[in-house]
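Please open the model in a viewer and keep the sequence at hand.

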Amino acid sequence: MNDRPAPRPLWPTLLCCGVLLAVFAAAVARISNGFELWTFESLRRAQAQQGLLQASPLAATLSDGSQRVLWAGGAAPRAFLVDFIYTRCPTVCQSLGSEYQRMQAELARQAAPVQLVSLSFDPAHDDVAALAAYASLHHAEPARWWIAVPAAADSQRLLGELGVVAVPDGLGGYLHNGAIHLLDGEGRLREVFDDDDWPQALVAAQRLAGAAP
Amino acid sequence: MHRPSHLRIAVLAVAAPLLLAPPLRHLLEASMALHMLLELPLLLAVGWAAASLGPRAVDGASRWDAEGLSSALLVLVTSAFWMLPVALDLALLSPWIALAKALNWLAAGAVLARALQRWRRELRLFVLFNLAWMMATAGLLYRESDSRLCVNYLVDQQWWAGTGLLGGAVLLGALAIRMAMDEPMAA
């Protein structure tokens, strides 16, 4: 390429290409956690394990009509296992509900300060009566398993903070990423589990609750 | 190639509101295939039309784009970047990334409008084949994946986007082959 006399020097173009490539590589590295993770969900899980995702204290209405502020940093509970539901959901939420039921039974045999929380992201439809019906369907014990709905704006804020995205599934319902979210007493997201991995979620929550000072 | 300026005005008049009005944009972005195969090319077209409507400046940029190398690289890296699933998701979740996406594609279009005349036949072929290869690879990956690659899109949308990318790849590949078979134009 250099044997022909160029009418103009090539270095500005080479410099331009170098800068472009550097910007491209830096941008890709930035959004892929150093060329390792190529989906938002895997990136979010990596961020959770690094403790980078923090949920603000969340005011919510429980299925018995009472109000509570979650992960406000008090003494207990030290670990929350949070899933996101909407009570009209015919499929995933119901199977997750039965997994929560099994976790509830496991927790009943131990004294670990682990709190199960099912949060509705459908405040428009999920009122106290709907939550109470869901609680009764899944035999939720009010002390161990809170089924709650925050205000619409707070719900949006929480989903944003944790990187949970609910999209219409085309059948009148929703689908969202992640299933069981382990949060510590201060609302920091520690780990995300799929539905089937509830035993691991439970072990991790118990470890977190036990290990916390 | 000469194009009447009312074509450019039409591109701007149709595409700009579609891309700027949030409800219309969200309509496009609700589908992965439309997001990738309509919105991104439209942004490129708007950048192109806007730049070619403006006064034709002295060709000073060619100093930074000898033989069209920089502009070709810009088109290739822009296309590669916005085929990453995480980039598509972030463009929907972060307003800053959404802005970066729009500026990136507008800039690529604007640069291309001025730079394409500097591209020699070999470079055009190289870029076309590269784009076709990239789109085919991404399209196959999107079609084959059983799990959701984007948190904003469902698996069947992913399949359609992959199919669309494959179609685009075939189209660009065919264009490149046709161009390769044509006699090179005399300089």
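A residue counts as buried if 20 or more other C-beta atoms lie within 10 Å of its own. The coordinates come from a predicted model.

Begin in chain A by selecting strand β5, residues 145-150. Of its 6 residues, 6 are buried. Both faces of β5(A) are covered: A:W145, A:I147 and A:V149 lie on one side, with A:W146, A:A148 and A:P150 on the other.

Strand β1 of chain A, residues 58-62, runs antiparallel to β5(A) and is joined to it by 3 bridges; here A:T61 stands opposite A:V149. Strand β4 of chain A, residues 114-120, pairs with β5(A) in the parallel sense over 4 bridges, and A:V117 stands opposite A:W146.

Now display the boundary between the chains, where 22 residues of chain B are in contact with 23 residues of chain A. On the chain B side, the elements giving two or more residues are α4 (69-81) and α5 (85-93). That side comprises 17 nonpolar, 2 polar and 3 charged residues.

Finally, within chain B, select helices α3 (residues 32-53) and α6 (residues 95-115). Their axes come within 7 Å and cross at roughly 45 degrees; α3(B) and α6(B) are therefore oblique to each other. The crossing is right-handed. Residues to show in this contact include B:L40, B:L44 and B:W48 of α3(B) and B:W105, B:L106 and B:L112 of α6(B). By class, the contact has 16 nonpolar, 3 polar and 1 charged residues.

Terms used
Residues are numbered from 1 along each chain as its sequence is written. Chains are lettered from A and ligands numbered from 1 in the order in which they are written. This is a predicted model: local features need pLDDT of at least 70, side-chain atom pairs count only at pLDDT 80 or more; totals for chains, interfaces and linings use all residues. Axes are lines fitted to C-alpha atoms, for helices over the stretch in contact, and angles run from 0 to 180 degrees between N-to-C directions. Angles under 35 degrees count as roughly parallel, over 145 as roughly antiparallel, 65 to 115 as roughly perpendicular and the rest as oblique. A crossing is left-handed if the near helix is turned anticlockwise from the far one by less than a right angle, and right-handed if clockwise. Two residues are in contact if their C-beta atoms, placed from the backbone, lie within 7 Å. Ala, Val, Leu, Ile, Met, Phe, Trp, Tyr, Cys and Pro count as nonpolar, Asp, Glu, Lys and Arg as charged, and the others, Gly among them, as polar. A residue is buried if 20 or more other C-beta atoms lie within 10 Å of its own, exposed if 12 or fewer, and partly exposed in between; C-beta atoms are placed from the backbone. Two strands pair if DSSP finds at least two bridges between them.
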